[in-house]
Amino acid sequence: MLRMERRSLSTLTSTLFALALLSTAARAQQTVLPLWPTVTPESAQTAEPEADVTKDSDALISGHRSIRLANVSNPTLTVYSAHDPTGAAALVFPGGGYQRLAWTGEGTDVCDWLDRIGVTCILVKYRVPQPKGDAGHYPADFADLEDAQQAMRLTRAHAAEWHIDPAKIGVVGFSAGANLAALLSTHPDDHHVESTPAAAEADPKIDARANFAIIVYPAYLALDPDMTTLNPTYTPNAFTPPTFLLQAENDKSYGRNAPVYYQALAAAKIPAELHMFATGGHGFGVHPAGMPEEHWTIFATFWLRSINMIPPAPARRPDDKAPLALPSPATNPMPCPTPSATQPPNPNQPPNPNDPLHPPNTPCI
């Protein structure tokens, strides 16, 4: 009986935790639109129904098990309007190796962060699976770029309705989704994918370029086997926007992708910022609890301000010695991640007022 009660309690706790993770973004949800209202440009890669293929053995993302969606044949846009909108918006591409989508860990979690800084989130459910290997990527397969271009054109077509500035729409991608963000950054004008005739309301003449890009632990940008050379497909050009890059040095599979792409951006004189963390591996998400990289969204927020995508922080008074707190809407605070068990907080050490990452009594973003 005790074992059954413990199991029931554990199940209930897991269910409530999952609902809590989904509820924050769900409060801001506006609408879901089909990406291709009539039919997708190519036939579906699978006849299997869309499904959550999450397994207990899956790695945690931001400390929790992410819903993983597979067999996406009918791609969509889900619009999460910010509670305190700035006019900026971002298309979010979750990762998953172009085989599935890490829907919560690299999707709705990202929308929660964007909401806190006043950015409307456009969560893109793009088509998966695509063929494995090089055959599943542009230019061998056009489905990924078609979906990305169509998502940007639909967003700009609805900009007035969604209270978005059409000159402040960027992309945020993770892993394979970061690859897709970089792809759209270089090929928004590819005339093979004109987004017609499947979606009449998304005029193919609407600009599909991004105004900024946040590319988190990208995959498939550097060439095998040494990964020191950028795949020419992603060579920065006149369309490439200011770019924020993030990766972990111990990302054994793709750890050189971000530095290689950064070097190419610098050579092309594209404004870019690169953050490399010693830890994190691959797929750590938005707030990996207790890890050094858990604060990367703060750096990204400052960067978005520096390129004028979101408003600057309020000016500090000349006599104000305390660090400037980052604003966070009171309707949607984010508790700071729990410190790791190996590094418990010191109760005898007061907060450091000069630590910009831990201002006293300031919600995390």
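Which residue in S3 is the bridge partner of Ala51? I looked it up and found Ala70.

Before going on, I noted that this is a predicted model, where local features need pLDDT of at least 70, side-chain atom pairs count only at pLDDT 80 or more, and totals for chains, interfaces and linings use all residues. Residues are numbered from 1 along each chain as its sequence is written, and side-chain values use heavy atoms, with hydrogens and water left out.

Entry on the sheet. I took helices (H or I, at least four residues) and strands (E, at least two) as DSSP runs, numbered from the N terminus. Two strands pair if DSSP finds at least two bridges between them. S2 pairs with strand S3 (residues 68-70) in the antiparallel sense, over two bridges. I read the order of the open sheet as S2-S3-S6, three strands with antiparallel pairing. Strand S2 (51-52) and strand S6 (101-102) are its edge strands, and each pairs on one side only.

Entry on S4. I found an antiparallel pairing of S4 with strand S7 (residues 120-125), over five bridges. In S7, Lys125 stands opposite Thr76. Buried means under 20% relative accessible area, with a 1.4 Å probe and protein chains only. Five of the five residues of strand S4 (residues 76-80) are buried, so the strand is largely enclosed by the rest of the structure. Thr76, Thr78 and Tyr80 cover one side, Leu77 and Val79 the other.

Entry on H3. In helix H3 (residues 143-157), 14 of the 15 residues are buried, so the rest of the structure largely encloses this helix.

Conventions:
Buried means under 20% relative accessible area, exposed over 50%, partly exposed in between (1.4 Å probe, protein chains only).
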